[in-house]
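Here are some notes for a colleague who is meeting this structure for the first time. Please read them with the model open beside the text.

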Protein chains: 2
Amino acid sequence: MSDLIEKRQSSTKIYSGRLLHVFKDDVELPNGHVTTREYIKHPGAAVMIPVLPDGDIMLIKQFRYPIGMTHIELPAGKLDPGESHLETAKRELEEEIGYKSNKLTELTEIHPCTGYSDEKMWIYLAEDLEKTQSNMDHDEFIELFPVSLEKAITMVWSGEISDVKTIIGLLWGNRILSS
Amino acid sequence: MSDLIEKRQSSTKIYSGRLLHVFKDDVELPNGHVTTREYIKHPGAAVMIPVLPDGDIMLIKQFRYPIGMTHIELPAGKLDPGESHLETAKRELEEEIGYKSNKLTELTEIHPCTGYSDEKMWIYLAEDLEKTQSNMDHDEFIELFPVSLEKAITMVWSGEISDVKTIIGLLWGNRILSS
């Protein structure tokens, strides 16, 4: 597949904000032509499938400003500098839903946005949960939404859940948990 | 869920490139605090699950510069200005794999990147395919990769396919086609 590769010639940081870091690179295409590629550099994120003591899955409702909608999602969060994705999974689980997990299992890695972002997401099954307390960020607004796995899967196939990490996490979790 | 809503106060275009259009808005949080939200405006995209006359699924291999990897994906493409997602599905199918479909069925809509992009993707099952000719963009490099649906699903669960639209499209297609 080496004849598909695009080679970096130069890279320029176009914008660096609080969240977004935008780059524009000159790249050489396989036919020798030169073009530009614009993309976001992202630290990556961990996504957790929290299995509550009664077997329900803890989903959350969160307003997503770019699409102007409240979304039903699995808890997730960005890697802090120097943090491993396992550490992020532990931290974000407690911050967002107020539980710690004594059994975190990495299921897979996904790329949500290969056209214009280098973001990678690691999906974890979070079992053996223990209630602590929610350490939600001061300006983070989240509503807890526990549902049965069966109901969650119904919401995937009905289109009610349209967030990609949540669709994939739930289908993956269902495959593991129902086998 | 109205108590989760964030209200726009102002919006500024930070960067407008060939592909990326970056905005920074001031928004009012549910607690009255004001913060900023940075995000990409995207025209949306159509994703196609092409079922070849022999039953195989036509996947493609494409180098994805932001992640520096050649990825196995379903054919897909961005909406052109004024184009419906159905028109995009027809156009991109022919451009990328050289087939037209006489039976395009919309399966679902997904949001790949709700944290920092308004992108929406429409997934289509593309059946009753007819060979025309590939009208690939001059500087687009794609390798065709036809596989059985069974093999494609194996590649999802093994992690070999990590692109979200492709994972969701294949699992959705499998649910429809094998029922």
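**Notes on the model**

1. Helices (H or I, at least four residues) and strands (E, at least two) are DSSP runs, numbered from the N terminus.

2. The model is a predicted one, in which local features need pLDDT of at least 70 and side-chain atom pairs count only at pLDDT 80 or more, while totals for chains, interfaces and linings use all residues. Residues are numbered from 1 along each chain as its sequence is written, and chains are lettered from A and ligands numbered from 1 in the order in which they are written.

3. Along the principal axes, the C-alpha atoms of chain A fill a box of roughly 60 × 40 × 30 Å. The domain assignment, whose bounds come from an automatic or database source, divides chain A into domain 1 (2–40) and domain 2 (45–177), and the C-alpha centres of these two domains lie 31 Å apart.

4. Chain A has 179 residues, of which 38% count as buried, a term that requires 20 or more other C-beta atoms within 10 Å of the residue's own, with C-beta atoms placed from the backbone. Among contacts in chain A with a separation of 6 or more, 59% come from residues 24 or more positions apart; a contact here means that the C-beta atoms of two residues, placed from the backbone, lie within 7 Å.

5. Three strands of chain A form an open, antiparallel sheet in the order β6-β5-β10, where two strands pair if DSSP finds at least two bridges between them. Because β6 (69–73) and β10 (142–147) of chain A stand at the edges with a single partner strand each, one side of each is left without a neighbour in the sheet. Neighbouring strands of this sheet are turned by 25 degrees against each other on average, direction ignored, with axes taken as lines fitted to C-alpha atoms. Strand β5 (residues 57–64) of chain A is joined to the antiparallel β6(A) by 5 bridges, and Phe63(A) has Thr70(A) in β6(A) as its bridge partner.

6. How are the copies related? The same surface serves both copies, since 100% of the contact residues of chain A recur in chain B.

Key. A residue is buried if 20 or more other C-beta atoms lie within 10 Å of its own, exposed if 12 or fewer, and partly exposed in between; C-beta atoms are placed from the backbone. Axes are lines fitted to C-alpha atoms, for helices over the stretch in contact, and angles run from 0 to 180 degrees between N-to-C directions.
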